[in-house]
Structures are given as C-alpha cells and as structure tokens.
Amino acid sequence: MAENRILILDFGGQYNQLIARRVRECGVYSEVRGYEMMTLEDIRQFDPKGIIFTGGPQSAYGEGAPSIDKGVFDLGVPILGICYGAQLMAHMLGGEISSAPTSEYGRTEVTVTDKTGLLVGADDVNVCWMSHTDYISRPPEGFVITARTADCPVAGIENRERGFYAVQFHPEVNHTANGFAFLKRFVLEICGCAPDWHMESFARTQIEEIREKVGNGRVLLALSGGVDSSVVAALLAKAIGPQLTCVFVDHGLLRKDEAAQVASVFGEGGHFDLRFVMVDAAQRYYKKLAGVTEPEAKRKVIGEEFIRIFEEEAKKIGAVDYLAQGTIYPDLIESGLGSSAVIKSHHNVGGLPEHVEFREILEPLRMLFKDEVRQLGRELGLPEEIVSRQPFPGPGLGVRIIGEVTEEKVRVVQDADAIYREEIAVAGLAGSISQYFAALTNMQTVGVMGDFRTYDYAIALRAVITSDFMTAEAAEIPWDVLQRVMTRIVNEVDHVNRVFYDLTSKPPGTVEME
C-alpha cells in the first residue's frame with residue numbers, strides 16, 4: 001500500500017482502531033494486525049518503519065498472556081508500547097510488572113520528568129487517559145523513566161539507544177493532552193516516515209489494479225446511496241465503466257428525497273458511465289414490517305428482505321464475475337480482527353447472498369477509514385452532498401421509528417427530519433455537528449392546536465459531537481434554533497404535536513435510537 005508504513009500489533013485493545021487512524025492522520029499508512037497472526041517472518045515481510053504495541057485486557061505476566069516473538073526487538077525498528085503494550089515490552093526485556101495498589105481509569109494527571117525523547121513539547125503536567133490495573137514496578141535495564149502519576153511511579157519509559165518507547169497512558173485518545181503530538185513525533189521523527197499517504201495516489205493505484213484484475217469481467221454492486229457504497233461505485237465506474245452494474249433498492253426507509261438524489265448521480269444522465277438498476281420495494285418492506293416492534297427483529301427483517309431482493313435482481317442480470325462491497329477498515333476491525341473483541345457484526349463482513357454466483361469479492365475500500373473514504377470520493381468527483389453525507393444506519397429509518405414501522409410513520413419522520421436538517425444548515429451548524437436527525441418516539445401525547453384537543457406523535461431530535469463515534473456528547477444547539485425547528489415541525493408535519501431534544505451522551509446511550 002505504501003513504502004512508509006507502521007505496523008500496529010493488536011493485543012486486544014479497545015482503541016486499536018484509533019491508533020491506526022491517528023497514524024494515518026500523520027500522512028503515514030498503517031495497518032492493525034492481531035499479534036497471533038504475525039510471526040517474526042511476517043513482520044519482516046511487512047517491512048514496517050516502526051511498530052506499535054496496543055493496549056489489552058490481560059496481565060503481561062499471566063499464563064497464556066498475549067505476546068510476540070522476542071526477536072521483534074532485534075529487527076532494528078523503533079517500537080512504541082501503549083498501556084498493555086508498554087507492560088509487555090518491559091516484561092519481555094527484563095522489567096517487572098505488578099498489580100497496581102490503585103487502579104487508574106479515565107482522565108489522570110501525568111507528570112513528565114524527561115522531555116528529551118518521545119515526550120518533547122509536553123507540559124510539566126498533562127491530563128492523559130488511563131485504563132490499567134497493572135503497572136511497571138521496575139523498568140528493564142537501559143530504560144529511563146520519563147513520566148509518572150501520583151499512583152503510578154512509571155507512566156513512561158524509554159531506551160532511546162535501541163529505539164524503544166513505552167507509555168502507560170493512551171496518546172491516541174483525544175482526552176490525552178498532546179497525545180497526537182507524541183504519536184506524530186514517533187511516526188515522523190523517530191521512525192523517519194515520510195507523510196506520503198494521500199488519496200490522489202491511492203485512487204490512481206486502485207483504478208489501475210481494478211482494471212488489471214477485472215479485465216473484461218462483470219461486476220455487481222449493491223448501492224445503498226451511503227458514502228461507502230457510493231465511493232465504491234464511483235471508483236469502479238472510473239476503472240471499468242459499464243462493466244459495473246449497480247442495484248439500488250429503495251426500501252422506503254430512506255431520508256426524504258434520498259432515492260431521487262441517488263438516481264440523479266448514478267442513473268441515466270448522471271455523473272458516471274455504469275449500469276444502474278433501481279428497485280422500488282417500499283410497499284414490500286412495509287408489509288414485511290407490519291406488526292414487528294422489537295429492534296433486532298426489525299433489523300433482521302430489513303436485512304433479509306434486502307438479500308432476497310438483491311438475489312432476484314442479480315438473477316435477472318445473469319452471471320457476474322465479481323461482487324463488489326463497500327467494506328471499510330473499521331468494519332473489519334469491529335467484526336473481529338485477530339485478537340480484537342467483536343464490537344458488532346457488519347452485514348458486509350461475512351454475510352453474503354447465498355444464491356448470487358460470482359468468482360470473487362472486490363473490496364477496494366477495505367483498508368480505508370471513513371474520513372479517507374470521503375477524501376477519495378472528492379478525488380473521484382462525487383458531489384459534496386454525497387461525500388459529506390452523515391452516517392445512516394443500514395436499516396434506515398426502521399431504527400429511527402420506535403416500535404412498529406408503517407408508511408404513515410415513515411412520512412412523518414421524513415418530513416420532520418428534512419425540516420430539522422434545513423434549519424441546522426440555515427443556522428450554519430451543519431459542519432460542527434457530527435450527526436443529527438429526527439426520530440419518531442413510540443408515544444402519542446395530548447396537545448392543543450387551535451381550539452381543539454389533539455392526541456398525536458412526539459418527535460425526538462438527536463444531535464451529537466464525536467470524533468470517532470465510540471463516545472459522543474449531545475450537541476449544544478442554540479435555543480432559538482431548536483424553537484424554530486419545533487415550531488415548523490408542529491405546524492408543517494401532520495400528526496405531530498410535541499418535540500423533544502435528546503441530551504443523552506454515549507455511553508450510556510447510543511447515537512441511534514434502536
């Protein structure tokens with residue numbers, strides 16, 4: 001993928017994805033690999049400029065604890081250990097790890113005692129993110145202590161002569177002051193990587209590789225209209241043109257006017273030369289969802305029905321050589337990559353239509369993060385309204401309507417959501433909010449409109465600020481904006497007489513309602 005690359009060895013840490021993202025934000029390519037997947041020879045073949053050991057839930061001294069071939073320390077490559085990775089490095093090189101008398105979790109003040117190595121530019125006292133119950137009680141020979149806390153005498157160690165660095169805190173987390181600067185120093189200065197990871201060169205390389213791989217073959221893509229599948233469609237269209245067939249299923253659970261927008265970009269007279277098939281399946285979905293109220297049951301109905309429709313359309317098209325998917329790197333990591341815990345399963349990782357005949361799967365975005373996918377979309381000439389489109393759940397409005405999904409409820413939430421989005425844009429807030437939408441609660445309330453009593457739906461407005469969607473805070477939308485939204489929704493959307501604003505953070509809540 002790139003000559004300058006960082007290998008991230010995953011020991012089961014919850015923040016491994018963040019580490020990879022931060023490295024790529026330095027302009028340097030990185031990959032997460034499970035420790036058990038990488039022999040010493042594999043590491044040599046990967047040819048990294050530097051290696052990062054991630055955190056993990058185990059004790060480095062415990063029986064069967066995750067570890068790596070000790071020969072990694074003889075490769076002449078700089079290594080950075082984070083949390084468990086720091087303890088593992090110390091343990092393998094002759095130091096001592098003990099159970100800490102006081103565990104440290106969350107924001108912790110770290111005193112920096114040596115700013116000549118990794119921690120150049122640090123404040124004397126930095127607020128950092130900790131998550132550990134063990135600690136380094138005695139560093140290995142040749143290491144100097146660079147940081148400490150009130151309860152952890154060794155929060156950082158270094159052997160600069162050998163190029164080994166370790167920190168007990170998590171520099172990849174935004175809560176850690178100067179954390180990104182520490183990672184950037186390790187990647188660019190200590191490892192000597194050039195910041196040569198750019199989407200322009202990635203697009204050019206991918207187009208060439210797709211052309212060579214596909215040849216005269218035919219490719220089928222399920223186009224959802226979201227960012228990932230849209231970028232895959234644009235990339236394949238640039239590479240193989242009408243050899244690509246995109247099937248777009250309008251399940252009636254999209255945002256207002258979204259189906260028409262997708263058709264205008266990819267359909268006849270659109271931006272790309274490809275075959276576009278649009279299936280209007282809204283009524284079919286509404287019938288299948290009748291009486292279904294449990295969230296996971298709704299997800300299952302929506303997902304399975306999509307597979308059935310996609311298979312039906314694929315049979316009409318005939319045999320294809322490749323099935324393309326919008327799988328991105330977080331999908332792989334969250335679905336369980338090596339030692340990583342499975343955070344959630346993804347429909348495009350391991351869940352394929354059984355009756356669609358194809359020779360191979362194409363996943364040209366499988367090593368990209370979401371922000372990189374957006375950059376690639378811009379390089380390929382996708383309209384900004386597609387590229388900057390906010391995350392939208394696979395089941396669509398089905399998980400933004402609490403309880404049973406009906407055609408009437410879909411129309412209500414579509415109209416309310418469109419008003420909300422319009423007012424957020426007019427207020428100039430769209431670029432500062434990570435995700436925002438209207439949802440329909442499973443309740444009706446008493447109201448008064450004119451001289452009449454009403455008993456109608458209550459809409460919930462959601463808006464969050466986040467950098468990684470692992471945690472999120474409710475956005476502080478100005479009161480006057482919320483009042484305008486409320487007034488318009490109640491006045492313009494039939495059967496709505498009340499509007500709530502959801503202040504819940506993640507955790508304990510989630511971004512979506514279901």
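Select S3 and strand S4 (residues 79–82): these two strands pair in the parallel sense over 3 bridges. Keep in mind that this is a predicted model.

**Stop 1**

Show the side chain of Phe53. In S4, Gly81 stands opposite Phe53.

**Stop 2: the other neighbour of S3**

Pick out two of the partners. Leu9 has Phe53 as its bridge partner in S3. Ile8 stands opposite Ile52 in S3. Phe53 therefore deserves a label, with Leu9 as its bridge partner and Gly81 opposite it in S4, given that strands count as paired if DSSP finds at least two bridges between them.

**Stop 3: the two faces of S3**

Colour strand S3 (residues 50–53) by burial. Are its faces covered or open? Both are covered. Gly50 and Ile52 are buried on one side, and Ile51 and Phe53 are buried on the other.

**Stop 4: the whole sheet**

Zoom out and select every strand of the sheet. The sheet is open and has 9 strands. Trace the order S2-S1-S3-S4-S9-S8-S7-S5-S6. The pairing is mixed. Which strands sit at the edges? They are strand S2 (29–34) and strand S6 (125–138), each pairing on one side only. Look along the sheet for its twist, which averages 20° from one strand to the next.

**Stop 5: a helix across the sheet**

Select helix H3 (residues 84–92). H3 lies across S3, S4, strand S5 (96–112), S6, strand S8 (156–159) and strand S9 (164–167).

**Stop 6**

Which element gives the most? H13 does, with 3 residues. The volume of the pocket is about 400 Å³.

Finish by colouring the lining by residue type. How many of its residues are charged? There are 8 charged residues, alongside 3 polar and 2 nonpolar ones.

How values were computed:
Residues numbered from 1 in each chain as written. Predicted model: local features only at pLDDT ≥ 70, side-chain atom pairs only at ≥ 80, totals over all residues. Heavy atoms only, no water. 1 Å grid on protein atoms, 1.4 Å probe; cavity = no way out; pocket = protein on both sides within 12 Å on 5 of 7 lines; lining within 4 Å. Points joined across faces, edges and corners; volume = space filled by probe spheres on them. Helix = DSSP H or I, 4+ residues; strand = E, 2+ residues; numbered from the N terminus. Nonpolar A, V, L, I, M, F, W, Y, C, P; charged D, E, K, R; others polar. Buried < 20%, exposed > 50% of the residue type's maximum accessible area, 1.4 Å probe, protein only. Axes fitted to C-alpha atoms, helices over the stretch in contact; angles between N-to-C directions. Contact = heavy atoms within 4.5 Å.
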